[in-house]
Amino acid sequence: MAYDEKLIDHYENPRNVGTLDKADETVGTGLVGAPACGDVMRLQIKVNDEGVIEDAKFKTFGCGSAIASSSLVTEWVKGRTIDYAKSIKNEEIVEELSLPPVKVHCSVLAEDAIKAAVTDWETKQTKQTEAPAVENQEAAQE
Amino acid sequence: MKTDLPIYLDNNATTPVDPEVFEAMAPYLQDKFGNAASRSHAYGWIAEEAVDYAREQVAKLIGARTQEIIWTSGATESDNMAIKGVARMYGMTDAEKVMIDALAKGYVDGTIPNAADILPGRFGRLDFESIAEKGAFEVFKSRGDHIITLPTEHKAILDSCKRIEKDGFRVTYVPVKANGLVDLEELEKAITEKTIIVSIMMGNNEIGVVQPVKEIGELCRKHKVLFHTDAVQAIGKIPVNVDEMNIDLMSLSGHKMYGPKGVGALYVRRRNPRVRVEALIDGGGHERGMRSGTLNVAGIVGMGKAAEVAHKKLEAEKARTTELRDKMWTRLQEELDELYLNGDEKERLPGNLNISFAYVEGEALMMAIKDCAVSSGSACTSASLEPSYVLRALGVGEDLAHTSIRFGIGRFTTEEEVDNAVELVIAKVKKLREISPLYEMAKEGVDLSTIEWAAH
């Protein structure tokens with residue numbers, strides 16, 4: 001099984017490995033996959049006021065293709081807008097890393113991960129604008 | 001020739017041909033090319049003599065008589081032959097009994113006067129009058145339809161069993177304990193008067209556990225049931241004696257014992273009891289009619305020599321590979337937490353380690369240690385997307401099954417290679433755990449089993 005050089009590069013030198021504070025209101029976290037399936041990806045984005053992704057971090061439990069796919073996505077979204085992040089399609093990952101058919105699910109998972117991170121960030125923003133701080137506290141007490 | 005090939009630690013998959021073996025084989029690929037079945041000239045006699053000498057060499061390693069060794073193309077064929085050949089020779093399914101019953105009754109009452117012509121020839125000539133009177137189930141009550149095996153067997157056994165299940169035979173898969181060993185009480189409970197054969201592997205190819213073959217043999221003898229064992233992984237690594245272990249049939253492979261690929265053998269007991277096997281492959285009636293086909297003379301010579309060399313080196317190699325294995329396991333445990341050894345720690349093949357490196361996916365680890373040739377029970381290494389069925393049968397969770405790596409230390413593995421491999425594994429597991437969200441969560445005290453994961 002010979003993999004593409006780009007895939008091996010991302011696997012051997014993964015970009016943006018790490019953890020952002022998931023409690024931070026400007027951070028969106030996506031955790032997808034399941035240990036029983038052999039893949040779990042956690043992708044995090046930190047977004048500024050202009051809707052630009054200032055930082056992206058990931059950690060992945062999975063095969064080389066899963067690690068490379070998530071590394072690639074963090075590289076792509078860094079410095080780009082939320083709208084761009086939402087537009088990423090798994091086929092683009094497949095193409096960039098030349099994933100073999102049995103590894104296509106890794107790219108699907110990476111797409112799910114970035115989408116989940118964006119959704120998490122968006123949810124946080126809606127809460128912030130809609131719900132006054134006092135109500136939030138009450139909710140927390142309940 | 002110097003190559004950049006990785007350190008070979010996959011000796012449970014296959015082994016290199018020993019130089020002594022290669023040397024022994026060479027003439028039989030060149031000048032001594034004769035067909036062992038040619039009785040009319042010296043080319044044939046030389047080949048036949050070589051084949052018979054190899055039979056002696058293999059027989060000696062396992063404490064058998066030379067006529068009890070049947071050459072095959074490999075252990076997959078031997079396993080098929082043992083299961084299907086014995087089932088067809090000794091077994092009779094309920095459906096067959098019902099058919100014979102109906103034919104006998106029809107013959108006696110005159111509605112099926114040509115019953116003898118309708119009856120498939122393999123049942124021979126039957127006494128329809130007596131069958132009609134007593135019933136086929138009574139007449140053939142000694143002919144069973146039941147086979148016992150383990151869920152952790154090699155696919156050659158499991159798939160052969162599935163095949164004959166379709167013909168109406170019944171198969172019981174006796175569960176194994178968490179350490180991979182069979183529970184002898186459970187095994188005994190599974191034996192019925194309809195059981196024909198018990199097939200239990202001596203040393204497991206994935207997790208390396210060595211089953212209590214002697215006790216299983218005794219149990220089978222006590223219940224007058226045939227005992228087959230796939231000893232492919234155990235042969236040459238641990239002492240095997242077919243008489244002391246009450247083995248009736250045993251599968252062997254050339255390439256797992258430093259011989260060539262494409263050759264194997266089936267040991268078939270000739271006395272106490274005399275075991276008969278229906279042939280799977282018909283042709284020139286070679287191998288006492290049990291396995292037709294021109295013999296792979298060079299391969300057979302190689303397997304014979306491999307058996308001789310293994311016999312000679314067994315004790316020393318057993319000690320050496322056990323020591324290397326234990327060293328490897330000790331060192332890994334010194335440096336890494338959350339390692340799980342799959343299969344019993346003591347009752348296992350000398351050179352085998354199967355370890356789950358929790359929170360690190362198996363294929364990713366194999367890619368990281370690409371300077372070592374190993375294999376994994378992770379789904380990602382196969383097209384099936386299911387993790388190892390052997391690990392699952394032990395009750396290993398799917399999450400841990402995905403993290404397993406099998407190391408197989410062999411005759412040509414050096415201590416230096418093991419040392420290098422261990423340090424590489426340690427470094428890479430640490431690195432991959434740093435990028436594993438699961439390891440981070442586990443270290444933070446998150447109970448991963450409480451998270452609702454979305455299966456995909």
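The questions and answers that follow concern a predicted model.

Biologist: How many helices and how many strands are there in chain B?

Modeller: Buried residues make up 49% of the 456 residues in chain B. As for the elements in chain B, the counts are 16 helices and 13 strands.

Biologist: What radius of gyration does chain B have, against that of a compact globule with 456 residues?

Modeller: The C-alpha atoms of chain B fill a box of roughly 80 × 65 × 35 Å along the principal axes. A compact globule with 456 residues would have a radius of gyration near 23 Å, and the value for chain B agrees with this: 25 Å.

Biologist: How far apart do the C-alpha centres of domain 2 and domain 3 of chain B lie?

Modeller: The domain assignment places domain 1 of chain B at 19-90 + 140-308, domain 2 at 94-139 and domain 3 at 314-444. Between the C-alpha centres of domain 2 and domain 3 of chain B, the separation is 58 Å.

Biologist: Into which residue classes does the side of chain A that touches chain B divide?

Modeller: The contact involves 23 residues of chain A and 22 residues of chain B. On the chain A side, the elements that give two or more residues include strand S2 (39-47), strand S3 (53-61) and helix H5 (104-130) of chain A. The residues on this side divide into 14 nonpolar, seven polar and two charged.

Biologist: In S3(A), which residue is the bridge partner of Leu43(A)?

Modeller: S2(A) and S3(A) run antiparallel and are joined by eight bridges. Their hairpin has five residues between the strands, and Gly51(A) takes a positive phi near 80 degrees there. S3(A) is mostly covered, with seven of its nine residues buried. The bridge partner of Leu43(A) in S3(A) is Phe58(A).

Biologist: Why do the buried residues of H1(B) line one face of the helix?

Modeller: The buried residues of helix H1 (residues 19-29) of chain B are Val21(B), Ala24(B), Met25(B) and Tyr28(B). They line one face because, seen down the axis of H1(B), they fall within an arc of 95 degrees.

Biologist: Which helices are included in what covers the buried residues of H1(B)?

Modeller: On the other side of H1(B), Pro19(B) and Glu23(B) are exposed. What covers the buried residues of H1(B) includes two helices of chain B, namely helix H2 (42-62) and helix H11 (297-335).

Notes:
Residues are numbered from 1 along each chain as its sequence is written. Chains are lettered from A and ligands numbered from 1 in the order in which they are written. This is a predicted model: local features need pLDDT of at least 70, side-chain atom pairs count only at pLDDT 80 or more; totals for chains, interfaces and linings use all residues. Helices (H or I, at least four residues) and strands (E, at least two) are DSSP runs, numbered from the N terminus. The radius of gyration is taken over C-alpha atoms; the globule rule is 2.2 Å times the number of residues to the power 0.38. A residue is buried if 20 or more other C-beta atoms lie within 10 Å of its own, exposed if 12 or fewer, and partly exposed in between; C-beta atoms are placed from the backbone. Domain bounds come from an automatic or database domain assignment. Two residues are in contact if their C-beta atoms, placed from the backbone, lie within 7 Å. Ala, Val, Leu, Ile, Met, Phe, Trp, Tyr, Cys and Pro count as nonpolar, Asp, Glu, Lys and Arg as charged, and the others, Gly among them, as polar. Two strands pair if DSSP finds at least two bridges between them. The arc is that of the directions from the helix axis to the C-beta atoms.
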